[in-house]
Amino acid sequence: MSSSRQWATAVDVLQRMRTICGFTPHLFAVNSVINALGRAGRWEQSLQTLEEMKDWGLQPDLVSFNTAIASCVPARQWERALDLLSQAKAMGITGNTITYNSAISACGASREWRAALELLKEMRAAGIPPNLRTYGAVVMACKVSRHWDGVSEIFDAMIQDGIPPDETI
């Protein structure tokens, strides 16, 4: 089967589980559908599935939010990504490096360097360790926005955190 249509199969299986079989799908299955939709560029359906799972009596977990936030990156839906991060926090779900990397990447794709820098500060203040990918995403947000002071600030933070820049940054 073509990978471009796997999302449709995943959605179909999920719907059949609910309507024909009459049972609530496992959280893993729903997260897989959210991921498939996001990878197919169907971010709106991805976020809709995240919302619907609550109606099915399922509690979204960190993976649910991480995959939904990641679906916002190529669509340049940085505000949605930040909203999802806020929703996760409100539900008592603490984000991790993956969560913040995706949210920062969504900001970068939208040229929202200020939001990307704020997220970096937020994650560091929360004790969530940034990695090279985190810094790369923030640097990219600053570069595409031509905010060169931000790039300098990031290099200083990388040195402070003991993460040496490489040729990708």
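1. In this predicted model, the buried residues of helix H9 pack against H7 and H8. The buried set consists of Gly 150, Val 151, Ile 154, Ala 157 and Met 158. Because these residues span an arc of only 120 degrees around the axis, they lie on the same side of H9. Trp 148, Asp 149, Asp 156, Ile 159 and Gln 160 are exposed on the other side of the helix.

2. The geometry of H9 may be checked against expectation. The helix contains 13 residues, and the distance from its first C-alpha to its last is 19 Å, close to the 18 Å expected at 1.5 Å a residue. Gly 162 follows H9 and has a positive phi, near 75 degrees.

3. Leaving aside residues up to four places away in sequence, Ile 154 touches Leu 117, Leu 120, Tyr 135, Val 138 and Val 139. Together with Met 53 and Leu 84, Ile 154 is also among the residues with the most contacts inside the largest nonpolar core, a set of 43 residues.

4. The elements giving two or more residues to this core are H2 (27-39), H3 (43-55), H4 (62-72), H5 (78-90), H6, H7 (113-125), H8 (132-144) and H9 (148-160). The largest share, seven residues, is supplied by H7.

5. On the cysteines, a search of the whole structure returns zero disulfides. Cys 72 is buried, with a relative accessible area of 0%. Cys 142 is likewise buried, and its relative accessible area is 0%.

6. Confidence should be considered when the model is used. The mean pLDDT of the protein is 87, and 88% of its residues reach 70 or more. Among the elements of the protein, H4 has the highest mean pLDDT, 98, whereas helix H1 (residues 6-19) has the lowest, 67. Where pLDDT is low, predicted coordinates should not be read in detail.

Terms used:
Residues numbered from 1 in each chain as written. Predicted model: local features only at pLDDT ≥ 70, side-chain atom pairs only at ≥ 80, totals over all residues. Heavy atoms only, no water. Core = buried A, V, L, I, M, F, W, Y, C linked by side-chain atoms within 4.5 Å. Buried < 20%, exposed > 50% of the residue type's maximum accessible area, 1.4 Å probe, protein only. Helix = DSSP H or I, 4+ residues; strand = E, 2+ residues; numbered from the N terminus. Contact = heavy atoms within 4.5 Å. Expected span 1.5 Å × (residues − 1). Arc of directions from axis to C-beta. pLDDT = per-residue confidence, 0-100. Disulfide = S-S within 2.5 Å.
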